[in-house]
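Colleague: I would like to learn how to read the features of a structure like this one. Please give me the general idea each time, and then the case at hand.

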Amino acid sequence: HLVNEVSAHTLNDDGRGLAGVKSLAQLLFARSGALTTGIGHAQAFWGNIDKLHDQNVNYPKGKITPGGITDRYLSDYPNMYADMSAGSGLLALTRDEEHTTGFFGRHQDKILYGSDCADHLGRGPGCQGAQTIAMIRKLSPTKAVERKILWENSKRLFRL
């Protein structure tokens, strides 16, 4: 399997914004099928959980309009996954908690906990990884969904 990180750079390098996102999905999934596994990550991926996302805003705030590209791709492509690491993943969790709980329910088998937190203590209010874990625990609709996101999905995908 080829694993490709779908990030802000991947989504926007062609300068076409939203069209670039659609082209990427066609390239990764329509042509290569199950041989490619995509893992979405970073600003453009997480911004696009919102149907009305402004492609020029890296860290959007406020309520999410359902039906964004990220939500659709996770539903439409069995080989597309979502990585929660980075500030953009944490922001996506916290900007609309009601939406997040539904998002977790819909995509419970596709979301992967990850952290690029450089905090050497690994805890406390300044540690992004600890904040992300806390939000996953708070917003998961069930303990089973929480467990999938925090461990089981990565274990299955990476054959750990």
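Modeller: Start with the elements: helices (H or I, at least four residues) and strands (E, at least two) are DSSP runs, numbered from the N terminus. Phenylalanine 158, for instance, sits in the segment after helix H8 (143-157). This is a predicted model, in which local features need pLDDT of at least 70, side-chain atom pairs count only at pLDDT 80 or more, and totals for chains, interfaces and linings use all residues. Residues are numbered from 1 along each chain as its sequence is written, and side-chain values use heavy atoms, with hydrogens and water left out.

Colleague: How many helices and strands does the protein have, and in what order do the elements run?

Modeller: The protein has 8 helices and 4 strands. From the N terminus on, the order is β-α-α-β-α-α-β-α-α-β-α-α.

Colleague: How do I read burial, and is phenylalanine 158 buried, exposed or partly exposed?

Modeller: Buried means under 20% relative accessible area, exposed means over 50%, and partly exposed is in between (1.4 Å probe, protein chains only). Phenylalanine 158 has 39% relative accessibility and therefore counts as partly exposed. Of the 160 residues of the protein, 46% count as buried.

Colleague: What is a nonpolar patch, and which residues form one on the surface?

Modeller: Patches are made of residues with over 30% relative accessible area and no salt bridge; like charges are joined within 9 Å, and nonpolar side chains (Val, Leu, Ile, Met, Phe, Trp, Tyr) within 5 Å. Accessible areas come from the Shrake-Rupley method with a 1.4 Å probe, and for residues only the protein chains shown count as cover. Here Trp151, Phe158 and Leu160 form a nonpolar patch, with about 320 Å² of accessible area together. The protein exposes about 8,300 Å², of which carbon and sulfur atoms supply 54%.

Colleague: Now helix packing. At what angle do helix H5 and helix H6 pack?

Modeller: Axes are lines fitted to C-alpha atoms, for helices over the stretch in contact, and angles run from 0 to 180 degrees between N-to-C directions. Angles under 35 degrees count as roughly parallel, over 145 as roughly antiparallel, 65 to 115 as roughly perpendicular and the rest as oblique. Helix H5 (residues 86-94) and helix H6 (residues 97-106) pack at about 105°, their axes being 6 Å apart. H5 and H6 are therefore roughly perpendicular to each other. Ala92, Leu93 and Thr94 of H5 make the contact with Glu97, Thr100 and Phe104 of H6, where contact means heavy atoms within 4.5 Å.

Colleague: Is H5 mostly covered or mostly open?

Modeller: H5 is mostly covered, with 7 of its 9 residues buried. Among them are Ala86, Ser88 and Gly89. The buried residues of H5 pack against H3, H6 and helix H7 (128-139).

Colleague: Which residues is aspartate 50 in contact with, leaving aside its neighbours within four places in sequence?

Modeller: Those residues are Lys63, Ile64, Thr65, Gly68 and Arg95. Aspartate 50 lies in the loop between helix H3 (43-47) and helix H4 (69-76), and at 8% relative accessibility it counts as buried.

Colleague: How is a salt bridge assigned, and how many are there?

Modeller: A salt bridge is a side-chain nitrogen of Lys or Arg within 4 Å of a carboxyl oxygen of Asp or Glu. By this rule the count is 8. In one of them, lysine 138 meets glutamate 97 at 3.2 Å, N to O. This pair links distant parts of the chain, with lysine 138 in helix H7 and glutamate 97 in helix H6, 41 residues apart. Lysine 138 is exposed at 53% relative accessibility, while glutamate 97 is partly exposed at 31%.

Colleague: What separates lysine 143 and glutamate 146 in helix H8?

Modeller: An α-helix has 3.6 residues a turn, so residues three or four places apart point the same way. Lysine 143 and glutamate 146 are 3 residues apart in helix H8, which means about one helical turn. They form a salt bridge, with the closest N and O atoms 3.3 Å apart. Lysine 143 is exposed at 63% relative accessibility, whereas glutamate 146 is buried at 9%. Arg137, Lys143 and Glu146 are linked in a network of salt bridges.
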